[in-house]
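User: I'm new to this one and would like a walk through it. Could you take me through the strands, then the helices and the ligand?

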Amino acid sequence: MFDNISHRYDFLNHFLSLGIDILWRKKAIRLLKPEKPQTILDIATGTGDFALEALSLKPKKIVGVDISAGMLAHGREKIKKLGHDDIIELQLGDSEKLPFPDNSFDAVIVSFGVRNFENLGKGLSDMNRVLKPGGTCVVLEFSKPKGFLFKHLYNFYFKYITPTIGEFFSKDRAAYSYLPESVQAFPDGKDFLAIYEQSGFRQTRAISLTFGISSIYLGKK
Ligand SMILES: C[S@@+](CC[C@H](N)C(=O)[O-])C[C@H]1O[C@@H](n2cnc3c(N)ncnc32)[C@H](O)[C@@H]1O
């Protein structure tokens with residue numbers, strides 16, 4: 001599915017979210033500033049936007065992994081054009097079987113990726129495995145807004161407007177219908193924190209963004 005929409009992914013991401021996704025990524029990365037991570041793993045990196053944002057932490061190396069060769073191809077082209085291919089390296093890989101030894105990275109990050117994992121607990125446990133002890137994991141993911149009025153407006157936008165605009169630009173209606181369905185099915189808030197803890201993370205906390213449309217989940221190893 002992501003191979004199919006990769007040519008339009010960046011444009012539709014920013015267009016459909018009115019650019020707010022950029023601010024969410026910035027905020028999530030800023031939370032890592034005090035840790036000064038030198039090696040960062042960006043899971044489900046897609047076209048590399050979260051990895052590019054992580055450059056502001058001035059790390060020595062950022063590795064991005066994704067199962068979609070199409071998304072990675074667009075990401076590599078973008079990163080090369082921006083001149084950051086010396087620090088950011090993108091690799092094909094499955095988040096549930098990460099091709100890295102235990103305790104490899106100072107920080108592990110993932111934006112809008114965990115919702116797509118086939119087995120959330122398995123993916124989070126493997127992220128924990130490759131994180132160094134004391135390291136921090138930052139997960140940015142859609143969540144379900146709680147306020148009555150906003151929730152209904154948002155559901156209408158996400159259920160009817162998003163698939164229509166998504167189909168117009170990407171010619172793939174299924175991919176943009178999958179988006180609200182996957183958010184609806186995803187265990188957010190306290191439910192996510194419970195699975196995060198079961199996967200080995202400690203000192204976990206959730207930060208709600210923009211009326212609860214998205215959340216940041218922090219966890220330590
Ligand atoms: C919505 S995109 C997010 C991309 C990027 N992180 C961002 O913020 O724009 C979700 C990505 O997750 C990837 N993905 C889904 N399941 C995966 C898995 N098991 N392992 C690695 N990547 C996966 C998809 O290929 C896709 O590129």
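User: How many bridges join β1 to β2, and how do they run?
Analyst: Five bridges join β1 to β2, and the two strands run parallel; strands are said to pair if DSSP finds at least two bridges between them. Helices (H or I, at least four residues) and strands (E, at least two) are DSSP runs, numbered from the N terminus. This is a predicted model, in which local features need pLDDT of at least 70 and side-chain atom pairs count only at pLDDT 80 or more, while totals for chains, interfaces and linings use all residues. Residues are numbered from 1 along each chain as its sequence is written.

User: And which residue stands opposite Thr 39 in β2?
Analyst: Thr 39 stands opposite Lys 61 there. Strand β1 is also joined to β4, by four bridges and again running parallel, and in β4 the bridge partner of Ile 40 is Ala 107.

User: Is β1 enclosed or open?
Analyst: Four of the five residues of β1 (residues 39–43) are buried, so this strand is largely enclosed by the rest of the structure. Here a residue is buried if 20 or more other C-beta atoms lie within 10 Å of its own, exposed if 12 or fewer, and partly exposed in between, with C-beta atoms placed from the backbone.

User: OK, what about β2 and β3, in which sense do they pair?
Analyst: They pair in the parallel sense, over five bridges, and Asp 66 stands opposite Leu 92 in β3. Together with helix α4 (residues 69–81), β2 and β3 make a right-handed β-α-β unit, where right-handed says that, with the strands pointing away from the viewer, the path from the first strand over the helix to the second runs clockwise.

User: Switching to helices: which residues of α2 are buried?
Analyst: In α2 (residues 20–30) the buried residues are Asp 21, Trp 24, Arg 25, Ala 28 and Ile 29. Seen down the axis of α2, they fall within an arc of 130° (taken from the directions from the helix axis to the C-beta atoms), so they line one face of the helix.

User: What does the face turned away from that buried side carry?
Analyst: That face of α2 carries the exposed residues Lys 26 and Arg 30.

User: Now the ligand. Which residues come nearest to it?
Analyst: Of the 20 residues around the ligand, Ala 44, Gly 46, Ser 68, Ser 95 and Ser 111 come nearest. The elements that give two or more residues to this shell are α1 (2–16), α3 (49–53) and β2 (61–66). A residue belongs to the shell if its C-beta atom, placed from the backbone, lies within 6 Å of the molecule.

User: How do the shell residues divide?
Analyst: They divide into eight nonpolar, eight polar and four charged. Ala, Val, Leu, Ile, Met, Phe, Trp, Tyr, Cys and Pro count as nonpolar, Asp, Glu, Lys and Arg as charged, and the others, Gly among them, as polar.

User: One last topic: which phi does Lys 58 have?
Analyst: Lys 58 has a positive phi of about 55° although it is not a glycine. Most residues other than glycine have a negative phi. Lys 58 sits in the loop between α3 and β2 and is exposed, with 11 other C-beta atoms within 10 Å. Asn 103 also has a positive phi, near 55°; Asn 103 lies in the loop between β3 (88–92) and β4 (105–111), and with 13 C-beta neighbours inside 10 Å it counts as partly exposed.
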